[in-house]
Amino acid sequence: ATEGSSNQYWWRVIPFSDCEISQVLTVLGNGKALTFSGDIHTGLRECTSHFADESGEKCLKLRIYKGTQSQTADADLIAAFAGVITSDFRGRGIAYAIIRMTYSQTAWGGGFELSFVGEGALCLDVRTDVTAYTDNPVLIGRQYLKGFLNNGFRVVGMGAYDRSLPDADYIAGANECDELVDLNAGGTEKRYRMGGMISARESPREVLANICAAMAGKHIDRGGQIVLLPGVWRAPLFDVAESLADGDLA
């Protein structure tokens, strides 16, 4: 909605995650990285690098809410739209951006598109029992199998029980993904990492296929237990030189 003595301000609220995120690292405006006057997670900050009017006055302000259950309604929105926006507009569990654009043909004549890049939804690390952002495909896959929750409600994921996700296998798989491997150019990096969007419009088969593709692995249903295996060398169960006995086929 617009606000101001001559409706010179246009406010927008842009939700981008249905569960809590860790942080936004970069905001892109029309494909270019923007800089701001301060921490965009703690207040409405002015964009200092782009979108200025003909006199050089900056025309964009932005704030990020991470989607915590304790977050409160935005004071700037309440002040701008008194009686319409109240303290009930908390958006708990929803990560979103607030932007305020000042009218200017110079600033906005070339169009306007925002993108957000950051550390997204939180996943349980069964190795440490800590829930936090991760780029580990096995841990992301495990959280998807359990489900991503918002205030106790599953917004995406499969709802698997803990007993169906054996800790030992997920600890081993997470360690395999985090193992440092040598690079041809020198240095090391984790064996497998992943990032991206998970949508409730995607089928579980599609999501798990994408997660497994990120680690050259597979998911296996072992009679009620679901395991994610990264693509690493594993010792064979039988030596090819050995013969199989009847008991091996039972």
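This is a predicted model: local features need pLDDT of at least 70, side-chain atom pairs count only at pLDDT 80 or more; totals for chains, interfaces and linings use all residues.
**Sheets, pockets and an enclosed helix**

Strand E1, residues 2-3, and strand E2, residues 9-17, run antiparallel and are joined by 2 bridges. They belong to an open sheet of 5 strands, which follow the order E1-E2-E7-E6-E5 with antiparallel pairing. At the edges of that sheet are E1 and strand E5, residues 45-46, each of which pairs on one side only.

Between E3 and E4 the antiparallel pairing extends over 2 bridges, and in one part of it Leu28 has Ala33 of E4 as its bridge partner.

Some of these strands return when we turn to the pockets. The largest pocket has a volume of about 950 Å³, and of the 33 residues that line it, those nearest its centre are Ser17, Ala121, Gly196, Met197 and Ile198. Which elements supply at least two residues each to this lining? They are E2, strand E3 at 21-29, strand E8 at 114-121, strand E12 at 153-156 and helix H5 at 204-214, and E8 gives the most, with 6 residues. By residue type, the lining of the largest pocket divides into 20 nonpolar, 9 polar and 4 charged residues.

The second largest pocket has a volume of about 300 Å³, and 17 residues line it, with Leu122, Thr131, Gln143, Phe148 and Leu149 the closest to its centre. Helix H3 and strand E11, residues 148-150, each supply at least two residues of this lining, and the largest share, 3 residues, comes from E11. The lining of the second largest pocket divides into 6 nonpolar, 9 polar and 2 charged residues.

That brings me to H3 itself. Why can we describe H3 as largely enclosed by the rest of the structure? The reason is that 9 of its 10 residues are buried, and the buried ones include Pro137, Leu139, Gln143 and Leu145. The cover over the buried residues of H3 includes strand E9 at 123-125, E11, E12, helix H4 at 167-178, H5 and strand E16 at 226-229.

Both sides of this helix deserve a look. At the N-terminal end, Asn136 caps H3, with a side-chain oxygen 3.0 Å from the backbone nitrogen of Val138. The helix is followed by Gly147, whose phi is positive, near 115°.

Finally, I would like to point out Thr134, which is found in the loop between strand E10, residues 130-132, and helix H3, residues 137-146. Is Thr134 buried or exposed? Its relative accessibility is 17%, and because buried means under 20%, Thr134 counts as buried. A polar atom of the Thr134 side chain lies 3.0 Å from the backbone nitrogen of Asn136, and Asn136 is the residue that caps H3. Leaving aside its neighbours within four places in sequence, Thr134 is in contact with Cys123, Leu139 and Ile140, and both Leu139 and Ile140 are among the buried residues of H3.

How values were computed:
Residues are numbered from 1 along each chain as its sequence is written. Side-chain values use heavy atoms; hydrogens and water are left out. Two strands pair if DSSP finds at least two bridges between them. Helices (H or I, at least four residues) and strands (E, at least two) are DSSP runs, numbered from the N terminus. Buried means under 20% relative accessible area, exposed over 50%, partly exposed in between (1.4 Å probe, protein chains only). A polar contact is a pair of N or O atoms within 3.5 Å; within protein, one must be able to donate a hydrogen and the other to accept it, and residues adjacent in sequence count only if both atoms are side-chain atoms. Contact means heavy atoms within 4.5 Å. On a 1 Å grid over the protein atoms alone, a cavity is a set of points where a 1.4 Å probe fits but cannot get out, and a pocket is an open set with protein on both sides within 12 Å along at least five of seven lines; lining residues have an atom within 4 Å of a point. Grid points are joined across faces, edges and corners, and a volume is the space filled by probe spheres set on the points. Ala, Val, Leu, Ile, Met, Phe, Trp, Tyr, Cys and Pro count as nonpolar, Asp, Glu, Lys and Arg as charged, and the others, Gly among them, as polar.
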